[in-house]
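Got your viewer open and ready? Let's take a walk through this model, one selection at a time.

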Amino acid sequence: MTQVVTAVVAIAVVALVPWYLWRRLVVDTVRGRTLRFASALVLCALGVATLALVVSGPYESFTPLLDVAAEVGGVWIGVLAVVLPVLLIGELVGLVIARTGGAPRREAVAAGDGRPVDRRRALRGIVAAVAALAGVSSGVAGAVRSRDRGPDQLSERGEDGVEVILPFRGRWVVRNSPARRVPSHGTDEFGARYAIDFVMVDDGGRTAPGYPARAVLRPEAVESFYAYGQRIHAPVAGTVVAAHDGERDREAGRSQLALIPFALTQLRRVSAGQVGVAGNHVVIAVGPDGPFVVVAHLRAGSVRVRVGDVVDAGDPVGECGSSGNSTQPHVHLQAMDRPDGASARGVPMLFRSFVEHPRDGGGAVLRRNSVPDEDSVVEVPAV
C-alpha cells in the first residue's frame, strides 16, 4: 500500500510541475493566445516525456518511441533541477517584497499598451526567464557530457585496456556502456569508470516474460527474469583475490516508480563500501600487480570460487543475481588498478570477440577487441 501511495504522489508531482511552470513561465510573462497555447503544448509534451522516464526502468527497453521520450524526459529532469530551485527562490523574494510594502499590487501602466503592471509578476517573470536560460544551458551541457568520449578514443591516452571475454552464454543487452559515455555509470567511485552492465533478454528484447500493469508500481520477484540464475564465467584468466557471498538478492523493478524504495536506500548501500555496491562478487587479478577484474551482483549462495583459486577465462565463478546495488538481475563487469574498489581507479576493457546485434535492427556483426555499443544485444560467437 505504501508503494502505491508513493507512486501516486510521484505521478501527482510530475503532473503539477508542468502546470506550475506554465503559470510562472507563460501566464506571468507571455501575452497572446497562440503563444500561450503553443507553450502549454510544449510543457505538456515535456510532462509526458517525464512520465515515460518514470514508467521506464534502468534496464528495460520498450518501444523506440517510449525510449526516445524517456531520453527527453531525462534531459528535462536535469533542466528542472536548475529551474525549480531558482523559481522557488523567486517566489520567496516576491513574498518578501510584498510583505515589506515594496511592491504595491498594481503599479502605474505598462510601457506600450497601457495595461496595469503587477510588479511581483514582473519580478517572477524575470526570475523565470533567468531560471529557464540557466536550466536549458545546464540540460544541454548535461546531455553533451553524457555523450563523453567513448573507448574509440582510449588509445589516444595510451590506455589499451584489459582483454576480456563475455562472461555468459545467450543474448544479453548492453547497458551503461563506456561506448556511450565515460564514466559509464556516471561516477569514478569504486573503480567504475569503464564498467559495463549486461541484462539477458529474449528475442523480443524483453528482460522477463510480459510486463504486467502491477510492475509499474510494485517490485517483482527476481526469479521471473531471464538473467537470474544464469551461469557466469570468469572473463579473464588469473588468481581470485576476493570472493564475497551471502548478500541477499533484491526484488527487481522495471519502472522508476517501483524503484522508489530502492532509491531511498541508495546512500546506505554506498556507505557499506564495495560489498554494499557490488553485492556478491568475485575479483580476479590478471597479474601479481593487476589489473583486477570484477564480476558483480551474483546470486546469493552461488559463488563457486575462493581466494587463491587460479581460474581460466571461461571457468564458472557463480550465477547471475541481483545482490548489492542492483535494480534487477544483471551482470556488472569492470576492471580496476587495485583489488579494493574504495581506492581503485577504473581501467578500460576490450572484449576479445563477440557478435553484436545493433539496436537499429541491422545485421549481426562480429567484432573484435572493442566495446559493445549501448542498447545493442551481444552473444558469444559460435565456435
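Select Val-164 first: its bridge partner in strand E12 is Phe-351. This is a predicted model, where local features need pLDDT of at least 70, side-chain atom pairs count only at pLDDT 80 or more, and totals for chains, interfaces and linings use all residues. Residues are numbered from 1 along each chain as its sequence is written, and side-chain values use heavy atoms, with hydrogens and water left out.

Now show the strands (DSSP runs of E, at least two residues, numbered from the N terminus, just as helices are runs of H or I of at least four). Strand E1 (residues 162–164) and E12 run parallel, joined by three bridges. Two strands pair if DSSP finds at least two bridges between them.

Next, colour strand E13 (residues 365–370), which is antiparallel to E12 and joined to E12 by five bridges. Click on Phe-354 and look across to E13: the bridge partner there is Arg-367.

**The rings**

Which residues form one aromatic cluster? Select Phe-168, Trp-172, Phe-198, Phe-351 and Phe-354 to see the cluster. Rings of Phe, Tyr and Trp (its six-membered ring) pair if their centres lie within 6.5 Å; planes under 30 degrees apart count as stacked, over 60 as edge-to-face and the rest as tilted. The count by this rule comes to four aromatic pairs. One of them is Phe-168 with Trp-172, a stacked pair at 4.4 Å centre to centre and 20° between the planes.

Buried or exposed: what is Phe-168? Phe-168 is buried, at a relative accessible area of 0%, and Trp-172 is buried at 0% as well. (Buried means under 20% relative accessible area, exposed over 50%, and partly exposed in between, using a 1.4 Å probe and protein chains only.)

Move on to Phe-198 and Phe-351: their planes are at 80° and their centres 5.8 Å apart, so this pair is edge-to-face. It links distant parts of the chain, since Phe-198 is in strand E3 (residues 196–200) and Phe-351 in E12 (residues 349–357), 153 residues apart. Phe-198 is buried at 0%, and Phe-351 is buried at 1%.

For another ring, zoom to Phe-262: the charged end of Arg-269 sits over this ring, 3.7 Å from its centre. That label applies if NZ of Lys or CZ of Arg is within 6 Å of the ring centre and within 35 degrees of the ring normal.

**A helix and a strand residue**

Select helix H2 (residues 33–55), which has 23 residues. From first C-alpha to last it reaches 33 Å, close to the 33 Å expected (1.5 Å times one less than the number of residues). Its buried residues include Ser-39, Leu-43 and Leu-46.

Then find Ala-243 in strand E5 (residues 238–244). Ala-243 is partly exposed, at 32% relative accessibility. Leaving aside neighbours within four places in sequence, its contacts (heavy atoms within 4.5 Å) include His-281, Val-303 and Arg-306.

**Last stop: confidence**

Colour by pLDDT, the predictor's confidence in each residue, from 0 to 100. The chain averages 81, and 77% of the residues score at least 70. Over residues 103–115 the pLDDT is below 50, and over residues 146–158 the pLDDT is also below 50. Where pLDDT is low, the predicted coordinates should not be read in detail.
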